[in-house]
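Here is a short briefing to read beside the sequence and the model. Please keep both in view as you go through the points.

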Amino acid sequence: PCTIEILERIKAMVYETNTDVRGFTKLRVELQEGKNNQIRRMFSSIGHRVVRLVRISIGHLRLESVPHGRARELSVEEVDQLRVSCGCE
């Protein structure tokens, strides 16, 4: 299952010096289970390219407080939730 929400649409603007300027749409895509490059392949199949892709969560874990390229320790509650979600109680 996949849900797609439109967050912002920017229309193409044609300038005198460049005739190949495209608009873009900022989307929020939620996958229940994704495979490697799945979102890029989905949009490519309908003629759209993905310029930027940002993961905001993995399961119930939100990544907004973790700087790019960094890591943090999980809380006891987060570890417990992971165990329950994967059936590893």
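Patches are built from residues with over 30% relative accessible area and no salt bridge, joining like charges within 9 Å and nonpolar side chains (Val, Leu, Ile, Met, Phe, Trp, Tyr) within 5 Å. Accessible areas come from the Shrake-Rupley method with a 1.4 Å probe, and for residues only the protein chains shown count as cover. This is a predicted model, in which local features need pLDDT of at least 70 and side-chain atom pairs count only at pLDDT 80 or more, while totals for chains, interfaces and linings use all residues. Residues are numbered from 1 along each chain as its sequence is written, and side-chain values use heavy atoms, leaving out hydrogens and water.

**Confidence**
- The protein chain has an average pLDDT (the predictor's confidence in each residue, from 0 to 100) of 84, with 91% of the residues scoring at least 70.
- Helices (H or I, at least four residues) and strands (E, at least two) are DSSP runs numbered from the N terminus; among these elements, H1 has the highest mean pLDDT (92) and S3 the lowest (82).

**Surface patch**
- Ile4, Ile6 and Leu27 make up a nonpolar surface patch, with about 240 Å² of accessible area together.
- Ile6 belongs to strand S1 (residues 2-10) and counts as partly exposed at 45% relative accessibility; buried means under 20%, exposed over 50%, and partly exposed in between (1.4 Å probe, protein chains only).

**Loops**
- Asn37 sits in the loop between strand S2 (24-31) and H1, and its phi is near 60°, a positive value in a residue other than glycine.
- Most residues other than glycine have a negative phi.
- Val50, in the loop between helix H1 (38-45) and strand S3 (57-58), is partly exposed at 22% relative accessibility.
- Neighbours within four places in sequence aside, Val50 is in contact (heavy atoms within 4.5 Å) with Ile39, Arg40 and Phe43.

- Glu78, in helix H2 (residues 76-85), is buried because its relative accessible area is 16%.
- Beyond neighbours within four places in sequence, Glu78 is in contact with His60, Leu61, Arg72 and Glu73.
- The whole structure holds five salt bridges, each a side-chain nitrogen of Lys or Arg within 4 Å of a carboxyl oxygen of Asp or Glu.
- One of them joins Asp80 and Arg83 (3.9 Å, N to O), which both lie in H2, three residues apart, about one turn of the helix.
- Another links Lys35 and Glu33 (3.2 Å, N to O), and both of these residues are exposed.
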